[in-house]
Amino acid sequence: GLAALYMDRTLEMSANEVLITGIGLNVFAGLGAWGFANFDGRVGARPTVLISLVLMLDGAGLALAIPTKVAFWVGAVLIGIGLGPNQSASRSLMARFLPAGRSAEYYGLFALSGKATVWMGPLFYTFLMTATGDQRLALTPLLGMFVVGLVVLLTVNESRGSARALEG
């Protein structure tokens, strides 16, 4: 939604370019999930999510820092490659922390947290867009949200969480 507005209004992309970018983003997300699957299994979900967040942060930063179609497309590829493993590895990480018999409870909370915070991006965007009229500035909270995710994830100890799940 908000990226489509940016592509249309700031980058003056055609509807076809917006559509192709959206399809490409999803293709690269699938490739990223597939490409990082073995990495997650060998190295762990936490490092996979960390790398995916860095890819998304870099992609969004590039797309906002250089307001050109080419920079946006390169940024979208980076975001897509990061998005796939972010979604899959975050669930994989969650699975490693689940005590036996409590998966529905934990995944329910996981889903609720996503639904409960989905309004934050559009709220920040609307506030900054109304205050400044600048779409690039209005989208910068996205970068901050990725950074917050990185900082929080740095406090997670995957082996300790897995061990506690086994304890019950």
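Rings of Phe, Tyr and Trp (its six-membered ring) pair if their centres lie within 6.5 Å, and the planes make a pair stacked when under 30 degrees apart, edge-to-face when over 60 and tilted for the rest. The structure shown here, a predicted model, holds 3 aromatic pairs.

**View 1. Tyrosine 6 and phenylalanine 72 form a tilted pair.** The ring centres are 5.8 Å apart and the planes stand at 35°, so this pair counts as tilted. Tyrosine 6 sits in helix H1 (residues 2-10) and phenylalanine 72 in helix H4 (residues 69-96), so distant parts of the chain, 66 residues apart, are linked. Helices here are DSSP runs (H or I, at least four residues), numbered from the N terminus. Both tyrosine 6 and phenylalanine 72 are buried (under 20% relative accessible area, with exposed over 50% and partly exposed in between; 1.4 Å probe, protein chains only).

View 2. Tyrosine 107 is partly exposed at 30% relative accessible area, and phenylalanine 110 is partly exposed at 27%.

**View 3. Threonine 21 is a buried residue of helix H2 (residues 15-43).** Its relative accessibility is 9%. Away from neighbours within four places in sequence, threonine 21 is in contact (heavy atoms within 4.5 Å) with residues including Met7, Phe72 and Trp73.

**Notes.** Residues are numbered from 1 along each chain as its sequence is written, and side-chain values use heavy atoms, without hydrogens and water. In this predicted model, local features need pLDDT of at least 70 and side-chain atom pairs count only at pLDDT 80 or more, while totals for chains, interfaces and linings use all residues.

Technical notes: Helices (H or I, at least four residues) and strands (E, at least two) are DSSP runs, numbered from the N terminus.
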